[in-house]
Amino acid sequence: MSPLYRFLAMRGCDMRTVMLKNGREVPALGLGTWHMGEQGRSRGAEVKALQLGLDLGLLLIDTAEMYGDGGAEEVVGDAIAGRRDGVYLVSKVYPHNASKMGVKVACERSLTRLKTDRIDLYLLHWRGQYSLAETIEGFEQLQRDGKISAWGVSNFDVSDMAELARVTDGAACISNQVLYHLGERGIEWKLLPDCQKAKIMVMAYSPLGQAELLDNETLGQVADKHRASPAAIALAWVLRQSRVVVIPKASNAAHVKENARALEVTLDADDLAVLDAAFPPPRRQQPLAML
Ligand code: NAP
């Protein structure tokens, strides 16, 4: 049993994990942080919401230097104080900071805000003006320096991933974080199966469609059947995929608890058919949707 499994089992938590291609095992259900750290008066509640999520076994936190202009990383730093080792920490660098030297400086700033000495997974937030080769050189140096344990990308479409694979050390990429939820299924056509085949973890962002999905009548019916919330069903639906990690954001404690319930829901063939009818899968390749 791996240390993470043991840790979750000891806490009586469900043990859904994803094995990364570097051999690290991470929780399949984590915590997003976009819009956290934007307002001083909400910070206490945000820290508590993240800590509740960690207590419930959602031991992966996704953040970015962009969120709240660094404020979200500060909130995360407060939430993980005293429990850093039990958390898989993901952050992202702005494309305009993604030069070889730029990533070094941006990463140091993030580490200071996060009050830690390493980031487990550091992502290029989206493609920008710097060549992939230059950004990867910077990431590889950060890894050698022990500042990050692994690196990946975000908002990369099929052609971006193909280009990345051709760059020196591009094969070291362990994750691509992309938009994926019931209402945005485009990646199922090619990007998702490609990543699964290459053992690249897909991190599904905005898995609740930023809460806009949750009023859907069909989702509500499946939720009633499972005596769960629509949010838990929307998350369980994403969690059914292999090699996919899901990172809903919730600042509200009741929301965090509902989201954690997703780990207890198993959707059956009937549920999946009903959801397919309401949210049809893609019928052709389409450009990657992003926020
Ligand atoms: P999301 O997780 O789909 O939705 C967040 C919204 O849903 C918030 O308004 C939240 O409200 C609400 N919510 C959460 N749980 C709920 C529940 N059980 N019932 C009802 N409402 C609920 O959207 P997201 O924040 O855009 O995406 C998740 C994370 O993905 C982000 O926080 C960020 O870490 C990452 N992300 C990455 C990118 C990228 O470009 N790489 C882009 C977007 C997002 P409360 O906060 O009030 O609880």
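Leu29 counts as buried, at 2% relative accessibility, where buried means under 20% relative accessible area, exposed over 50% and partly exposed in between, with a 1.4 Å probe and protein chains only. The structure is a predicted model, in which local features need pLDDT of at least 70, side-chain atom pairs count only at pLDDT 80 or more, and totals for chains, interfaces and linings use all residues. Residues are numbered from 1 along each chain as its sequence is written, and side-chain values use heavy atoms, with hydrogens and water left out.

Leu29 is placed in the loop between β2 (25-27) and α2 (43-55); helices (H or I, at least four residues) and strands (E, at least two) are DSSP runs, numbered from the N terminus. Leaving aside neighbours within four places in sequence, Leu29 is in contact (heavy atoms within 4.5 Å) with several residues, among them Leu58, Leu59, Leu235, Pro248 and Asn259. The C-alpha atoms of Leu29 and Leu219 are separated by 20 Å, and these residues are 190 residues apart along the chain.

## The ligand site

The ligand is surrounded by 28 residues, of which the closest are Asp62, Ser206, Gln210, Lys249 and His255; a residue is counted here if one of its heavy atoms lies within 4 Å of the ligand. A polar side-chain atom of Asp62 lies 2.6 Å from an oxygen atom of the ligand, while a polar side-chain atom of Tyr67 lies 3.4 Å from a nitrogen atom of the ligand. An N or O atom in the side chain of Asn259 is 2.9 Å from a nitrogen atom of the ligand. Of the 900 Å² of accessible area that the ligand has on its own, the protein covers 87%, with areas from the Shrake-Rupley method and a 1.4 Å probe.

Most residues other than glycine have a negative phi. Ser206, although not a glycine, has a positive phi of about 50 degrees, and Gln210, likewise not a glycine, has a positive phi of about 55 degrees. Ser206 lies in the loop between β8 (201-205) and α8 (217-226), and the place of Gln210 is in the loop between β8 and α8. Ser206 is buried, with a relative accessible area of 13%, whereas Gln210 is partly exposed, at 44%.

## Thr63

Thr63 lies in the loop between β3 (60-62) and α3 (71-79) and is buried, with a relative accessible area of 0%. The side chain of Thr63 makes a polar contact with the side chain of Thr33 at 3.1 Å; such a contact is a pair of N or O atoms within 3.5 Å and, within protein, one must be able to donate a hydrogen and the other to accept it, while residues adjacent in sequence count only if both atoms are side-chain atoms. Not counting residues up to four places away in sequence, Thr63 touches Thr33 and others, including Ala72, Val76, Val90 and Leu114.

## Aromatic rings

Across the whole structure, a search finds five aromatic pairs, taken as rings of Phe, Tyr and Trp (its six-membered ring) with centres within 6.5 Å, where planes under 30 degrees apart count as stacked, over 60 as edge-to-face and the rest as tilted. The rings of Tyr94 and Trp126 have centres 6.2 Å apart and planes at 85 degrees, so this pair is edge-to-face. Tyr94 lies in the loop between β4 (88-93) and α4 (100-114) and Trp126 in the loop between β5 (121-124) and α5 (132-144), so the pair ties together parts 32 residues apart in sequence. Trp126 is partly exposed, with a relative accessible area of 33%. Ring pairs also link Tyr122, Phe139 and Trp151 into a cluster.
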